[in-house]
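Let's take a friendly walk through a protein model. Have the sequence and the 3D view ready as you read.

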Amino acid sequence: MPDIILMSDPRISEIPVEDRAEPLADLRTVPGLRLDQRMADPGGAYAHVRQGHVERLLRAQNGLPDGLRLLVVEAYRPPALQERYFQRYASQLGADNPDWSPEHVYVQASRSLAPPHIGPHVCGAAVDLTLCTGDGAELDMGTEVNASPEESDDACYTAAPNISKHARANREILIGVMSAAGFVNYPTEWWHWSYGDRYWAMTTGAPAALYPLIEWSPRT
C-alpha cells in the first residue's frame, strides 16, 4: 500500500483554519439520503454535517449506478465523545503492546481515530458511509464500517490488497463518486470522507482548513 499521512502527523495540526461560520445541517431532513442508526445518539448529533456537504453528498449519490445509494453511518461527533473514543482505543493499544512508547501508541491510535483537537468529525466536516441497495441492503465492502486495523488485519485500509475482487469493485464505486464530489478519504478507513477539515487541506494543498472544531448540542 502507498505511504499514508496519518492524522497524528504534526503538519496537519499546523494547518490554519479560516472559519466559514457555516452552520450544521440535519441530514435526516434531506430527501433521498438514507441514514443508518448504528451510531445514532439521543440528540441526533450523528446526523449533522456542515451545510455545504449536503449538496456534495447528493451529487455523490447521483453519480452512483442505478439501484445503489449512499448509507450515512455517522457525521458530526461531539469533541467529548471523540476524546473518549480516542483515549479508550489508545489505552487498549498500550495495554496490548506494553513495549510501545506513549508517542508510538498515539501514532498507532490515529490510524483509526483522529486526535480530538484536529478530528474531522468534531468539525462537522466528515461523514462515515457505505453503499447500499435501494431497499437498504449493504454492499460487501471488505470489512464492516469502523473495523479497526487489528480486527480486520488492515483490510479497513482503503487500498488493502486482502479483500475480494467484488469488495474492491464496490470500494472503487464509492471512491469514484465521493472524490468527484470533492471529498477526500482517510486511507486507513475506506468509509471515512471529509471536506474542509485540516486533513482535506493537507491532501488537496489548500492553504487553510475551512471548519474549526464546533461544540453542538440539541439545545443550541
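Predicted model: local features only at pLDDT ≥ 70, side-chain atom pairs only at ≥ 80, totals over all residues.

Residues are numbered from 1 along each chain as its sequence is written, and side-chain values use heavy atoms, leaving out hydrogens and water.

**The cores**

In soluble globular proteins, nonpolar side chains tend to be buried together. A nonpolar core here is a set of buried Ala, Val, Leu, Ile, Met, Phe, Trp, Tyr and Cys residues joined through side-chain atoms within 4.5 Å; buried means under 20% relative accessible area, exposed over 50%, and partly exposed in between (1.4 Å probe, protein chains only). The largest core has 44 residues, and Leu27, Leu57, Leu70, Val127, Leu129, Leu174 and Met178 touch the most other members. Leu129 has contacts (heavy atoms within 4.5 Å) that include Leu57, Leu70, Leu174 and Trp191. Another core, of nine residues, lies apart and has Tyr85 and Phe86 among its members.

**Glu22**

Is Glu22 buried or exposed? Glu22 is buried. Its side chain makes these polar contacts (N or O pairs within 3.5 Å; within protein, one atom must be able to donate a hydrogen and the other to accept it, and residues adjacent in sequence count only if both atoms are side-chain atoms):

| Partner of Glu22 | Distance |
|---|---|
| Tyr211, side chain | 3.2 Å |

Glu22 also touches Arg50, Gln51 and His53, among others.

Notes:
Lys, Arg positive; Asp, Glu negative; His and termini not counted. Salt bridge = Lys/Arg side-chain N within 4 Å of Asp/Glu carboxyl O. Lists of a residue's contacts leave out its neighbours within four places in sequence.
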